[in-house]
Amino acid sequence: MGWTARPREAERSMVTLAGGARVRDGHPPDEGRLRAVIEHLADGVVIVGRDGRVRFANPAAEALFGLGAEELVGSELGLPLVAGETAQIDVVRRGRGPGAAELRVVEMTWEGEPALLVSLRDVTDRAEAEAQRLRAEREAAGRHEAEAVARRARFLSQVSAALAASLDPRATLERLAQLAVPELADWCVIDLARHDRGLERVAHAHAEPAKRAVLERLRAEYPPRAGMPTPASEAVRTGRPLLYAPLDDETLHRLTRDPAHAGLIRELGTASLICVPLVARGQTLGAVTFGCGESDYDESDLALARDFAQRAALAVSNARLYDDAQQASRAKSEFLAVMSHELRTPLNAILGYTDLMQAGIGGRLSPAHAEHLSRVEANARHLLDIVEEILSFSRVEAGAERVRLEQVDLRSVVRDVGRMMEPLVRGKHLGFDVSVPGEPAPVRTDAAKVRQVLANLVSNAIKFTDQGAIRMEAQRDGTHHMIRVRDTGIGIAPEHAQRIFEPFWQVEQSNRRVVGGTGLGLSVARDLAELLGGSLTVESTPGQGSTFTLALPADD
């Protein structure tokens, strides 16, 4: 017969028994009459003596505990009972499982001795109904919370997708403002900081199309200005999010310039307001303001607004960094183009005078002078090749390289490159083989750029091959012509296989490297291949050599 008490408000109450008998403040009615009344009560009644043991239990009490009178009488209830106590207790009912009872205790005299009358009303059904109601409420609250979390996760996912779709900050922020309503706000405005420390409104949205004109009036009549009292300027100045819930008249007056301004804010439908600064990489870039017309914002709304603003700020920062990088890249490309052009002019003059001197225009040269002049010419041509390489790189990077398409037989292009590069290959005492198919290989492409790519590949093979041979072969493979340049050189480590196509990157990075060059040849070659609608790939084994493959679309 175990039970525990869950006290309700304690009260010294009068217990009225069936038949009109009452027990109050220790003054019971006639004991014989009381016993008869108790026997017939529907509620369980237990009389407990001063020693804490049960002295009497009515049939209802026996039924409640599932025990007979002989088991109840003489047993202890297990907890101290206080007169005047009212509580609901859990009851272990033999053979019937757990139950609940409403307990009341009053003092009385039983068989001439002080005792406690314990009234036990079975409220198991009521308690179970209450428990079910509470469970249903908890489940409903849990579902509501889960749905809210899922909805907000979807919202933030949509925000991230919008941010990833474009590097144009204004277009992106317009899309974000539209996403914010009605999920997070009835209306939303986004202001970006200007270099003069003012603010510029770059995006706004309202859930009700009819009220978008109010936002337009706010932008036109009350544009954000430095030093003016607005939620956005306050958030930018302090760097902290602002939550006004509710937005009372005093606060609205402080955050607006005049009554007409405050009236427009109210006309938008603004019962509460959140304003969050856009902060990324330690810099405050602006602020986003959300207004709600029906219910007050809370801390969970503020947390979601901060997540929104954090993503938006990072997108704006990334877009600005990208724009800065693009400007720097354009400046670098323009510098390279100008410098390369300026270098090419005197180099052409040097080569021109070298040709005149070698032709004997200025007089007969001695063998020693002729040898020195030949070295001058070779180095001048090498430097001119480097300048041309830099010019090509700068044109491709700046998007200024143009493709001049013409119908050509790819075999003649490959043979031209072979004839041009053969002296350099033979000069290093390497074998050189050029193989083309017997049938014509028609292709519509820019022949000059194909020659430049193949010349770069053969030149690269010469640099890194000290013994063995170089082979250039062309063949048709399905929808593409494949031109391969194979060498027996030092090969390329797997971790460097893709890095070799990066501009200015070389395996030997020190200023004492054996093989010279700008590190632009392969980068320019791949860019030109892609510009022609093809691709350039490499397969290599360290110590055994490399194979570069230029794939160009074939004419059907």
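**Group meeting: strands, helices and one buried valine**

Let's start with a strand pair: β19 (residues 535-541) and β20 are joined by 7 bridges and run antiparallel. Two strands pair here if DSSP finds at least two bridges between them. Helices (H or I, at least four residues) and strands (E, at least two) are DSSP runs, numbered from the N terminus.

Before going on, the ground rules. This is a predicted model, in which local features need pLDDT of at least 70 and side-chain atom pairs count only at pLDDT 80 or more, while totals for chains, interfaces and linings use all residues. Residues are numbered from 1 along each chain as its sequence is written, and side-chain values use heavy atoms, with hydrogens and water left out.

Back to β20. S535 has A551 in β20 as its bridge partner. β19 and β20 form a hairpin, with 3 residues between them. In that turn, G543 has a positive phi of about 85°. Which other strand pairs with β20? That is β18 (residues 480-487), antiparallel again, over 7 bridges. There, H480 stands opposite P553 in β20.

Is β20 mostly covered or mostly open? Mostly covered: 8 of its 9 residues (545-553) are buried. Buried means under 20% relative accessible area, exposed over 50%, and partly exposed in between, with a 1.4 Å probe and protein chains only.

Now the whole protein. It has 14 helices and 20 strands. Of its 556 residues, 42% count as buried. Take the contacts with a separation of 6 or more: residues 24 or more positions apart account for 63% of them. Contact means heavy atoms within 4.5 Å.

Next, another sheet. This one is open, with 5 strands in the order β10-β9-β13-β12-β11 and antiparallel pairing. β10 (199-206) and β11 (242-244) are the edge strands, each pairing on one side only. Direction ignored, neighbouring strands are turned by 15° against each other on average. Y244 has L273 in β12 as its bridge partner.

Helix α5 (residues 169-183) packs on this sheet. It touches β9 (187-193), β10 and β13 (283-292), and its direction makes about 40° with that of β10. Helix α6 (residues 212-221) lies across β9 and β10, running at about 170° to β10. On method: axes are lines fitted to C-alpha atoms, for helices over the stretch in contact, and angles run from 0 to 180 degrees between N-to-C directions.

On to the helix pairs. Two packed helices are described by the angle between their axes and the distance between the axes.

First pair: α12 (residues 410-427) and α13. Their axes come within 9 Å and cross at roughly 35°. The crossing is right-handed. A crossing is left-handed if the near helix is turned anticlockwise from the far one by less than a right angle, and right-handed if clockwise. From α12, the contact includes L410, V413, M420 and L424. From α13, it includes V450, L454, V458 and I462. By class, that contact has 14 nonpolar, 1 polar and 2 charged residues. Ala, Val, Leu, Ile, Met, Phe, Trp, Tyr, Cys and Pro count as nonpolar, Asp, Glu, Lys and Arg as charged, and the others, Gly among them, as polar.

The axes come within 9 Å and cross at roughly 150°. So α13 is roughly antiparallel to α14. Angles under 35 degrees count as roughly parallel, over 145 as roughly antiparallel, 65 to 115 as roughly perpendicular and the rest as oblique. α13 passes α14 in a left-handed crossing. This contact has 8 nonpolar, 4 polar and 1 charged residues. K449, V453 and L457 are among the α13 residues that take part, and L522, V524 and L528 are among those from α14.

α14 itself is mostly covered, with 8 of its 11 residues buried. Among the buried ones are S523 and R526. Just after α14, G533 takes a positive phi of about 85°.

Last stop: V458, found in helix α13. Why does V458 count as buried? Because its relative accessibility is 0%. What does V458 touch, leaving aside neighbours within four places in sequence? M421, V425, F432, I470, M472 and V485. M472 is 14 residues away along the chain, and the C-alpha atoms of V458 and M472 are separated by 8.1 Å.
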